[in-house]
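Welcome! Please take a moment to look over the sequence and the model, and then let us walk through them together.

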Amino acid sequence: MLKTHNCGELDSASVGEEVTLAGWVNRRRDHGGLIFLDLRDRSGIVQVTFDPDKNEAIYSVAEELRSEWVVKIEGSVSSRPDGTNNPNISSGEIEIHAHKLEVLNKSLNPPFYINEESDVDESLRLEYRYLDLRRDRMYSNILLRHNVVKFIRDFLDDQNFLEIETPILMKSTPEGARDYLVPSRVYPGHFFALPQSPQQLKQLLMIGGIEKYFQIARCFRDEDLRADRQPEFTQLDLEISFVEEADIFELVEELFTNLVSEITPELELAGPFPIMTYEESMDRFGSDKPDLRFSMELTDITNINGLSQMDVFQSVIDENGIIKAIVAPGGSKFSRREITELTEVVRSRGAKGLLTVAIEGDAQTSLSDVKMDDIKSPLSKYLTVGLVKDIAAKVEASVGDMLLIVAGERSIVDESLGELRNFLGDKLEMKDPNKLNFAFITEFPLFQWSKEREQWESTHHPFTSPKLEEMHLLDESPGDMRSRAYDCVLNGYEIASGSIRIHERELQENLLRFIGYSQEEMEGRFGHLLNALSYGAPPHGGIAAGIDRLVAVLAGEPNIREVIPFPKTQTSQDLLTKAPSLVDVQQLQDIGLSINDIVEE
RNA sequence: GGCCCGUUGGUGUAGUUGGCUUAACAUACUGCCCUGUCACGGCAGAGAUCACGGGUUCGAAUCCCGUACGGGUCGCCA
């Protein structure tokens, strides 16, 4: 090694030692006759002093040093003179008196600050990601990610899980997300696909008698990106034989609870994790991934006397619609512009409009003292004090709050108010960044109707077990069938998703047939799995957790790119290597491809 | 594919109801000075045809249209 110690490890216990250090020039302070150098390596920073009276030769070299140069320094660890300690760094009580200095490498002036926290345009950070990684923010996220993954490995190892790799080159199954395709050279015109997840393989592992499998698996989906979606991402994929939902929930809760207390003890985890059905989650929070750090639940007010009689709501009720409300605490102070903004939020999710009712006044005032003058609403002339009080009582609003009411078809009311709840959670700063609120959401619908294909399709994936007692609904009302799929949500993110699988060939074929597969297609695409189910497949189930999202939440980052060393942009490009790129004609010929209509730059 | 936001010296921002801008400020950078700083300090200097293309106008960083790039989001993500 070119160094004997790490910068951040030195403290007053090392005084008197001769050390050799190597690292980057974080900062240089030149006092004309005395130079201070902050030397940085991965472990931290230590101050090095160069005194011309003691060693003029290396002093003059030190004068030439610039930010991010790489240097090797030999020197002695000394206590700092009284009154010059720096409590902000771990090595702040000591400094290195250098007596040898070697420049290992020079550096251009970096395109952005590495030695201080500052906002830098993200595309610039991505282009120079190797410099961005030197910064504290990225380093601490990468470190956190390492700790999380290591904890998971150790935890599952303790529980007798086997870590098993599955192929990256595998068979394309065109349903679900769009596949990334890899052409085969040996079989021209044939393609591998990169796995969207190891789903089928982990089921085959269960059939292979592994019983407890896990993998930190890279997954690939050629779909449009979001803050929490990259074309390649990492899942903790696990599968267990002979399990039921409760076993999975217990395992996941124990894993996450221990992980947080070990890795991010500063975060406040609420336990035990609530378990609620999809139906309940949609009804109470208007989302299948509710942020439970704050309440602000949706309340059904359809049956409040006098409300459904109002003209605006009459037609909604006639068409089997519902009326629901949420309360914005202190919302009576919202400006007209803010109210317009709220209205746009619900409209974006299909609601026809938003009825706002502000109850103005001091929060200490009792609801019973509210007068008509205190009620501000676009429909105030149709409202009575009594009606507003009834609604307020039902939704537990106080004076000073605003009632936000949406009417219409149930799913639109739930989803639009859920979106509004989420929006208000941010706006009113009700999402405590130090809290972690997990929950399990269960009993998702088994099927959803695809308008595009005019066909029922699986909500989760076609290997998800239905609730067997509901199989009789398959012919009459498949939309009412519930699955044995479940999600784990955290602070409004879907952090994990899984299900109890189908382990019987007949049931699997039956459901594949229902979602539109002919016997022939079934054999072609899933024959391997169906065959495997015929040879004593054990009941099994599992879950897959999004490592990127989990780490991003634990790090308090707003998107997963911040926890991925080399992420892609929203348009799926790698700004550092400029991938994807054109390839040589010869490469294409080798794999039997030709490109039509190439757009030249 | 739709909608929304953004793009000004190396970096971060100001300026954006068109004209007091010869585009301002901070920092970084270069040089000089400085022996206890740690976001060291002082002085001086260099550095931007305001993303690109077109239009309106006597006059455009500023208004309009288009394009590119980045971000957010809907669709999409079994």
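This is a predicted model: local features need pLDDT of at least 70, side-chain atom pairs count only at pLDDT 80 or more; totals for chains, interfaces and linings use all residues.

A disulfide is a pair of cysteine sulfur atoms within 2.5 Å. With that cut-off, a search of the whole structure finds zero disulfides.

Residues are numbered from 1 along each chain as its sequence is written, chains are lettered from A and ligands numbered from 1 in the order in which they are written, and side-chain values use heavy atoms, leaving out hydrogens and water.

Now step back to see the chain as a whole. The C-alpha trace of chain A spans about 95 × 75 × 55 Å along its principal axes. Chain A holds 16 helices and 23 strands; these are DSSP runs numbered from the N terminus, with helices (H or I) of at least four residues and strands (E) of at least two. Of its 601 residues, 47% count as buried.

Next, look inside. A nonpolar core is a set of buried Ala, Val, Leu, Ile, Met, Phe, Trp, Tyr and Cys residues joined through side-chain atoms within 4.5 Å. The largest one has 44 residues, and those with the most contacts inside it are Ile-152, Leu-236, Leu-238, Phe-256 and Leu-554. Helix H6 (residues 245–263) gives the most to this core, with eight residues. A second, separate core of 26 residues includes Met-310, Val-357, Ala-392 and Ile-405.

Finally, find helix H13, which covers residues 505–514. Which of its residues are buried? They are Leu-507, Gln-508, Glu-509, Leu-511 and Leu-512. The buried residues of H13 pack against strand E19 (447–450), helix H12 (473–476) and helix H14 (519–533), where a contact means heavy atoms within 4.5 Å. After H13 comes Gly-516, with a positive phi near 105°.

Conventions: Buried means under 20% relative accessible area, exposed over 50%, partly exposed in between (1.4 Å probe, protein chains only).
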